[in-house]
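Work through the exercises below with the sequence and the model at hand. Each task is followed by a solution in steps.

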Amino acid sequence: MGLVCSQGGQDKQSKQGSRVRALAFDLAILAGHLLLYPTGIRQERPPATPPPDLLGHRPVLLLHGFIDNRSVFVLLRRSLLRHGRQHVEALNYSPLTCDLRTAAALLARHVEDVLARTGHSQVDIVGHSLGGLIARYYVQRLGGDVRVHSLVTLGTPHSGTRIAPLLSAHPLVRQMCPDSEVITELRQPAPECRTRFVSFWSDVDQLMIPAEVARIDHPDLIFRNIRVSGVGHLALPVHSAVAAGVREALDAAPNATRTDTSGAFSVA
């Protein structure tokens, strides 16, 4: 019995240590991101003539989280471009946005614009935090599954998160709560939804309460949940191991069944 208690204590200490390291890394990421933030305030200008994609990859759209902008994806974008993705764009939605549905409608228009410019019939989307929820709403509730082949989410509150009450003063944060109208809508049936979902969730994500709310769980969706150990919320879009996982998720063959094929990897 003493051995069991000792082992349990060690596991608890190890998990606590992982949380502390993740928090320290997130704070370092935040400091660096504050320096980059001004570079992403303006909406991105797409190239007049998109470069030819000889490998036929679908365009990738990057969608940032709450009170953020496209600068959060500097490293992930570089990783995608370096590994063959020719069309990678990031969309800013206004920091004054107070309704997730409004941002989802903006995303719908942007997707149509990208498809018109590139000649493709579908895109892939990578969304961090709230960005993933906006993209999921577009796919499930606005018919976006016709246009979106794969949606990869990073630390997205798919089931709603119980974050600090102080933050809940903002309408968008309230829409990320478990009992919000938006989360309720996303729980509704989504028959024949064609988009493939991949959700990366972290066991030490400080903003997902509890951490498991960043998993997708819906009987009508084709989805995969991937647990990431030792990476905090802010680090998910910048960590090299997560970037490799995103590339693999985008390149994977589509699933034929609607099931949770969960996986996990550790970067601690």
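The model is predicted.

**Exercise 1.** Classify Glu181 as buried or exposed, then find its salt-bridge partner and say where the two residues lie.

Step 1. The relative accessible area of Glu181 is 59%. The cut-off for exposed is over 50%, so Glu181 is exposed.

Step 2. The partner of Glu181 in a salt bridge is Arg101, with 3.4 Å between the closest N and O atoms.

Step 3. Glu181 belongs to helix H6 (residues 181–187) and Arg101 to helix H3 (residues 100–118); the pair links distant parts of the chain, 80 residues apart.

Step 4. Arg101 has a relative accessible area of 23%, so Arg101 is partly exposed.

**Exercise 2.** Determine which parts of the chain the salt bridge between Arg141 and Glu185 ties together, and classify both residues by accessibility.

Step 1. In this salt bridge the closest N and O atoms of Arg141 and Glu185 are 3.3 Å apart.

Step 2. Because Arg141 is in helix H4 (residues 130–141) and Glu185 is in helix H6, the bridge ties together parts that are 44 residues apart in sequence.

Step 3. Arg141, at 33% relative accessible area, is partly exposed. Glu185 has 14% relative accessibility; buried means under 20%, so Glu185 counts as buried.

Step 4. Both residues also belong to a network of salt bridges that links Asp99, Arg101, Arg141, Glu181 and Glu185.

**Exercise 3.** Describe the salt bridge between Arg117 and Asp113 and its place in the helix.

Step 1. Side chains of opposite charge can pair when their charged atoms come close.

Step 2. For Arg117 and Asp113, the closest N and O atoms are 2.9 Å apart.

Step 3. Helix H3 holds both Arg117 and Asp113, and the two are four residues apart, about one turn of the helix.

Step 4. Arg117 is partly exposed, at 23% relative accessible area, and Asp113 is partly exposed as well, at 35% relative accessibility.

Step 5. For the whole structure, the number of salt bridges is 14.

**Exercise 4.** Which residues form a nonpolar patch on the surface, and is Leu34 buried or exposed?

Step 1. The patch is formed by Leu23, Leu27, Leu30 and Leu34, which together have about 370 Å² of accessible area.

Step 2. Leu34 is part of helix H1 (residues 2–36).

Step 3. Leu34 has 56% relative accessibility, so Leu34 counts as exposed.

Conventions: Residues are numbered from 1 along each chain as its sequence is written. This is a predicted model: local features need pLDDT of at least 70, side-chain atom pairs count only at pLDDT 80 or more; totals for chains, interfaces and linings use all residues. Side-chain values use heavy atoms; hydrogens and water are left out. Patches are made of residues with over 30% relative accessible area and no salt bridge: like charges are joined within 9 Å, nonpolar side chains (Val, Leu, Ile, Met, Phe, Trp, Tyr) within 5 Å. Accessible areas come from the Shrake-Rupley method with a 1.4 Å probe; for residues, only the protein chains shown count as cover. A salt bridge is a side-chain nitrogen of Lys or Arg within 4 Å of a carboxyl oxygen of Asp or Glu. Buried means under 20% relative accessible area, exposed over 50%, partly exposed in between (1.4 Å probe, protein chains only).
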